[in-house]
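Hi everyone, thanks for making time.

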Amino acid sequence: MKISTVDFVVGVANLKQLPKTNLPEIIFIGRSNVGKSSLLNKLCNRKNIARVSATPGKTRELNYYLMNKDLYFVDLPGYGYAKVAEHVKAGWTQMIEEFFHTRRQIALAIQIVDARLGPTELDNTMMGWLDFYKVPFLLILTKADKLPKNKLIIQMNTISGQLSKYKHLVGIQPFSAVTGDGRIDLLKTIDRQIEEKELPSSKLVTSAVA
Ligand SMILES: Nc1nc2c(ncn2[C@@H]2O[C@H](COP(=O)(O)OP(=O)(O)O)[C@@H](O)[C@H]2O)c(=O)[nH]1
Ligand SMILES: [Mg+2]
């Protein structure tokens, strides 16, 4: 995929505001400060597509970006920010779970974790939901530039062993927003998942014609 156009569409604070389209969606998930905005910007080769909030952890919106006029990148709110009130966290939790459960057009969820730390408890909770609701997901180890190559390989192997229980995990890939390493592979995985998502309906069309 070559990204030619990026248009911000809507910030969804309530699932009733979700765009009423069938375009495939790629969703980006991670705790605050993991490097989600940097990854999105690097992926799109833009300086600042991700809207920056003055108060970290305060934006509770799912930000929809229309890519090349034919798919959405969805930036989910970062979680794990300590200063967020419990009732706000609970409301958000419910909304995200319902989103995973009902949004059929999600082609891939990209779960972003720090390459040095691996998944935290909250990241594991998130991946547990994704797996439960049968959402295909990819684990990205970002800030990979902060680890020497051999350490990165060991980390990938260790984490891959820990995640073998998940049925809907499609892969584990390193990424760096500083060097751009992993960018092409990530775009390839996104392409592949969109193709797979579109297969069932194109099969239908073919058999209807035949
Ligand atoms: N070395 C390095 N630093 C990164 C990388 N990605 C993000 N950062 C830094 O991590 C901090 C948080 O990044 P940001 O993208 O704002 O995180 P977000 O809160 O998840 O959107 C910033 O200081 C970034 O410069 C990376 O791949 N490598
Ligand atoms: Mg951010």
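Predicted model: local features only at pLDDT ≥ 70, side-chain atom pairs only at ≥ 80, totals over all residues.

Which helix gives the largest share of the shell around ligand 1? That is helix α1, residues 36–44, with three residues. In total, 16 residues surround ligand 1, and the closest are Gly35, Lys36, Ser37, Ser38 and Ala177.

Now let's zoom out. The protein has five helices and seven strands, and from the N terminus on they come in the order β-β-α-β-β-α-β-α-β-α-β-α. Of its 210 residues, 29% count as buried. Among the contacts with a separation of 6 or more, 76% are between residues 24 or more positions apart.

On to the strands. Is strand β3, residues 62–67, mostly enclosed or open? Five of its six residues are buried, so the rest of the structure largely encloses β3. Strand β1, residues 6–12, pairs with β3 in the antiparallel sense over six bridges, and there Val12 has Leu62 of β3 as its bridge partner. Strand β4, residues 71–75, also runs antiparallel to β3, and five bridges join the two. One pair to find on the screen is Tyr64 with its bridge partner in β4, Val74. The hairpin of β3 and β4 has three residues between the strands, and Asn68 takes a positive phi there, near 50°.

Helix α2 has 17 residues and reaches 24 Å from first C-alpha to last, close to the 24 Å expected at 1.5 Å a residue. Its buried residues are Ile96, Phe99 and Phe100. Looking down the axis of α2, these fall within an arc of 95°, so they line one face of the helix. The face turned away from that buried side carries exposed residues, including Glu86, His87, Gln94 and Thr102. And what covers the buried residues of α2 includes α3.

That brings us to α3, residues 121–132. Which residues of α3 are buried? They are Asp123, Met126, Met127 and Leu130. Seen down the axis of α3, they too lie within an arc of 95°, so they line one face. Glu121, Leu122 and Gly128 are exposed on the face turned away from the buried side of α3. The cover over the buried residues of α3 includes β2, α2, β5 and β6. After α3 comes Lys134, with a positive phi near 60°.

Last stop: Leu186, found in helix α5, residues 183–209. Why does Leu186 count as buried? The cut-off is 20 or more other C-beta atoms within 10 Å, and Leu186 has 21. Leaving out residues up to four places away in sequence, Leu186 touches Leu43, Ile140, Gln173 and Phe175. Pro174 is 12 residues from Leu186 in sequence, and their C-alpha atoms are 8.9 Å apart.

That's the tour, thank you!

Conventions. Residues numbered from 1 in each chain as written. Chains lettered and ligands numbered in written order. Buried ≥ 20, exposed ≤ 12 C-beta atoms within 10 Å, placed from the backbone. Helix = DSSP H or I, 4+ residues; strand = E, 2+ residues; numbered from the N terminus. Arc of directions from axis to C-beta. Contact = placed C-beta atoms within 7 Å. Pairing = 2+ DSSP bridges. Near = placed C-beta within 6 Å. Expected span 1.5 Å × (residues − 1).
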